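Me: I would like a close look at one part of this structure, with the rest brought in for context. Please keep it plain.

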Amino acid sequence: MTAFSVESVTPTAAAAGGKAAVSYQAVNDAINSVLFDGRHKLAPVYLDIEGEAEEEIAALLNVPAADCGRVIAAGAASSLKWNAGDPFSWHLGELDAWDELDRPGAPPFTALLAALSLAAERMRADEEYSAQNYYERLFEVLGVTSESRKTSLRANAKSTRPLWLALNFWLQEHDFDFGRPTAKRINDWAYASYALSQALVRDADRKRLHGLFAQFGFAAHETLTDAEMTLYLHEWMGGASPSAWLKRIWNTPDLRPRVAAAACAELEAWEGDNAVQSGPQRRRLSWAASLEVFPRPRLRMFLSAAGEGGGETIGLALSPDAPAAARAAFEDCGDGLWLTPSSSGEVSIIEPVQDIALSPLMLAAFELRSPAGEFAFHRAARSIVPLVKLDTGAFYREVSRVSFLRPHLVLCHEKWTERVTQLLTLNARKGFRCWTPELLPGLPEDWVLFSGVEMLRASASSVGDLQALIPLAEGVALEMAGGLKLSQGIWHTGAPPEITATAAAGPFRLELTDPHGTVGDASETANASCRLTLEARPERDAANFTVTALAGGRARRDTSLSLRSASHPRRLPDASQVRFYRAGDGPAGFLGAGAIADPLRPGLDVLGLHLRGPWPAAIETAAGLGPDQGDLAAGEDEVPAEHTSVYRLDKALGLQETCVLRGYHSWDCQPFNSGDDRDGDMWMRCTTCEYRVLTRNRGQHKKGQLRKGAGKTTTAAKPPGMAPRAGAAAGPDLILDALCYLGAGSWRKLQDLAGSDSRSPLEVQRFCAAAVALGHIDVSLDPRLRAPLSWIVAPPVLAFNGTGQAFLAGFRNTGLVAALDDRLGAAGGKLTRMDQPDAPAALMWGGLTPASARDAVAGLSDPHGRPITVSAGFTAAIASQGPDADALASAMPPIRLESVRDLQRFDPGSGSWRKAPAIDQRGAYRGDYGGRRYVFADENGQQREGSFALVKLMAARAAGLRLHGYNASSRVFQAVLGCEPPGLYQRALVSASGLMPETAGGRLSYRGVAPADAALILSKLYT
């Protein structure tokens, strides 16, 4: 990558060993080409250069690896301008010019930041940590001996902060293709802190953390919060595994957040296979949950293991010494237990879910082992279970302890309800709600759930179980939540986050500043908690900000915030990664988008509603199509395949020996050693259930603190005054704009965005299905054509429907729609916006012909340079080129399912599923085996797997019935609800009107379908 220079004369650095000088530009280019070549994609990237990166940079500069640091330092020193007032003025000029040109290539100031990090690394040899110590090392690195120059460096250190922030923003706007930003304020050193964040935890230290991951049973690529990781680091640092250096910086409280952040980042990148340990690999079992409030309240809970999504782990068994609660929970699992991966592959669920009794499971401490003993999955019972909301999506994940300001669910046994309510009332944000099993289906008997929990301050309670509700974070906590989050540190311009911060005491202030230091929005309070609500402002699109929390008049914590929309979209994948459908070339390309193995084979390429390739010469009308195709059954929505089964809600009886029901533990406290801080955090472990807690009071109740039945607390009697979080939900149009910004992604990412406002799984499914059917995105399926894997935004198409109206499909943003409307309006077109439930609004233009529309949009393209094309006859083309049902059946891969749980058989006559004892006759079946599976069994007992639409179609054909029909008088094509036509036939029928089908009476009605097109589709599906 080439750095941009604003000066014709480039600074030079004296090379080691008497060789020719190395220019600053050459040093900067060498660092950029190594650090930002894609090797750190989605992984943390640090400017503390060492190891292989150091050797590669030295090779590019033609110097020995041992001299690389000196050359980088010399290059940075040569770029400083001592006669300009600010020695960093040249770099600030480079930054401005780079910004004006929309940041071409990698940053032009990387080498300077690397030199600043080198100075922080030199502090490792010292015992003292102070800003003074850092600057002394910086003077040594840059070779500054003059007192006046030292003073100038100190006085202008603030000029380096915009450079660090610009690096973070650049990595963010490239969606971490070159790495995740790691430069942040980690203590009260306003400017040196950023360099320190790069150098404290070096590569060798990060590798040592792998032992911690193995010791505590973490899974590869698992995600933890910084506060939760701090819990494990506290215990790990007391052993022999950490280096003396890690222990030294851990004993400095200001530096602990940096170590915790490095550990979290390393865990996300950890492959899980490079930590040596004896015995079985231990994995934690944790709760995951989703809370649906509309249209009916419902809690869904699943006990899962992170990172086990690579395949099924079958035949798990309880340890022989399992307690009574565990035996009661699993007593009906006669065929054994197993873990099956979720559709996203991020977690695995303990099966068979419907045979596991939830109430005793909540009380059970147990261990499950795999048949060969290579894995052990363990769980400790907890009377209070906090779960934190994931950054995207509607799911919550169990955590050891709550964090400040983040949304949580809190499960607790009914015996703890009063004490938990008191603690939350005095320390959590207003607006949390308590649910009982009578109000919330899915909640186990004898338990309650608190929703909407956001902790603003920490209680001083010493009760062991309540420690789970006391945040551990020290100093200032800063959190951005709500809105529509697109990626780490990036929110949609139309739905920015709410920013909240808390500290030990006020006054408190939050500021939003731009890269030039100009303060925009701000909020100030005399309390210890503060919030800043941002409004959606179009002028802030593609802008980068810094959020700063100031306590006691000093900046204590900051973070980066970028706002984006489809007006400035990410780059699309290169041409080799683009996927498209192909009609007329076999059923696989008709059902899902993919790469074409033989591009020379005849076929009609389909990208959204854009047709490319041989156009069908004629569309013939099938004979025998009457005005009505008979009466269709009324069906029901096919619920999402993920997490459909639930636990049995049995009430636990005769289990009074559990700590949860007793309401107390028998604590074994970590002993004090010589030199330990009496006020420091220490571990306690229950000798009965092995529950562990980190506390400062070692289980001893002090006067005024919460204890069983006491109802008192040392926190202030007045509850915190921060109002509940407020903000408008991101509607379907905003979510589509977010997709157009991202350009492509995994199916999980699409589901997360669609569910960002806690929509129900059914609402999420409907939006995703609408985005595909309307031609906004194309979707690739897994090899078995069973489940979506990834998506990509289709090119913009102005498609004409069966009534002569033109509608916009594929990519769209505000500017493109405005430009399109101007041109079409000049040609006589009139725009009508039609809102749709759970789908983006349809943009329709009347008064046009395909010819006039082509002339009007000539030369108009989207931000990716893709021209707007005009499509007419899409429904006819797909109806003509689409495969028949026999071909679709041949695409369904063979499978043999035995002992399927929750087995049901589809009844085509009623359009519903009915329980079945076994797959023992011809028909369509569904059941749980490694997730929801759909199969069709023929008359010979052969099973084939497919989507729910395909297996239902095959079952109807076998029974001589139809799930689809057509009314010629109203030009409406109908389908039983939950029996949508497969593959591109669904898109073809939607394109006939440009609108999603109406739902009424258990049927789907596709409007504006021409008789000839309906005849062709019906004949291919049923003839």
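Is Arg-429 buried or exposed, and what is its relative accessible area?

Reply: Arg-429 is buried, and its relative accessible area is 1%. The model is a predicted one, with a mean pLDDT of 82 over the protein chain and 81% of the residues at 70 or more.

Arg-429 lies in the loop between helix 16 (417-427) and strand 14 (433-435). A salt bridge joins Arg-429 to Glu-454, with 3.2 Å between the closest N and O atoms. Glu-454 belongs to the loop between strand 15 (447-453) and strand 16 (477-481), and the two residues, 25 apart, link distant parts of the chain. Glu-454 also counts as buried, since its relative accessibility is 6% and the cut-off for buried is under 20%.

Arg-429 has a second salt bridge, to Glu-498, at 2.8 Å from N to O. Here too distant parts of the chain are linked: Glu-498 sits in strand 19 (residues 498-502), 69 residues from Arg-429. With a relative accessible area of 4%, Glu-498 is buried. Together with Arg-531, the residues Arg-429, Glu-454 and Glu-498 are linked in a network of salt bridges. As background, side chains of opposite charge can pair when their charged atoms come close.

The count of salt bridges comes to 35. Another of them pairs Asp-862 with Arg-866, whose closest N and O atoms are 2.9 Å apart. Asp-862 and Arg-866 are both buried.

Asp-446 is not a glycine, yet its phi is positive, at about 70°. Its relative accessible area is 19%, so Asp-446 is buried under the 20% limit. Asn-62 likewise has a positive phi, near 60°, in a residue other than glycine. Asn-62 is found in the loop between helix 2 (51-61) and helix 3 (68-78), and with 57% relative accessibility it counts as exposed. A cis peptide bond, with omega near 0°, runs from Glu-351 to Pro-352. Pro-352 is in the loop between strand 8 (347-351) and helix 15 (358-361).

For helix packing, take helix 1 (residues 24-35) and helix 5 (residues 110-121): their axes come within 8 Å and cross at roughly 80°. The two helices, helix 1 and helix 5, are therefore roughly perpendicular to each other. Helix 1 contributes Tyr-24, Val-27, Asn-28, Ile-31 and Asn-32 to the contact, while helix 5 contributes Thr-110, Ala-111, Leu-112 and Ala-114. Sorted by class, this contact of helix 1 with helix 5 has six nonpolar residues, three polar and no charged ones.

To return to the part asked about, Arg-429 is buried and has salt bridges with Glu-454 and with Glu-498.

How values were computed: Residues numbered from 1 in each chain as written. Heavy atoms only, no water. pLDDT = per-residue confidence, 0-100. Axes fitted to C-alpha atoms, helices over the stretch in contact; angles between N-to-C directions. Helix = DSSP H or I, 4+ residues; strand = E, 2+ residues; numbered from the N terminus. Parallel < 35°, antiparallel > 145°, perpendicular 65-115°, else oblique. Contact = heavy atoms within 4.5 Å. Nonpolar A, V, L, I, M, F, W, Y, C, P; charged D, E, K, R; others polar. Salt bridge = Lys/Arg side-chain N within 4 Å of Asp/Glu carboxyl O. Buried < 20%, exposed > 50% of the residue type's maximum accessible area, 1.4 Å probe, protein only.
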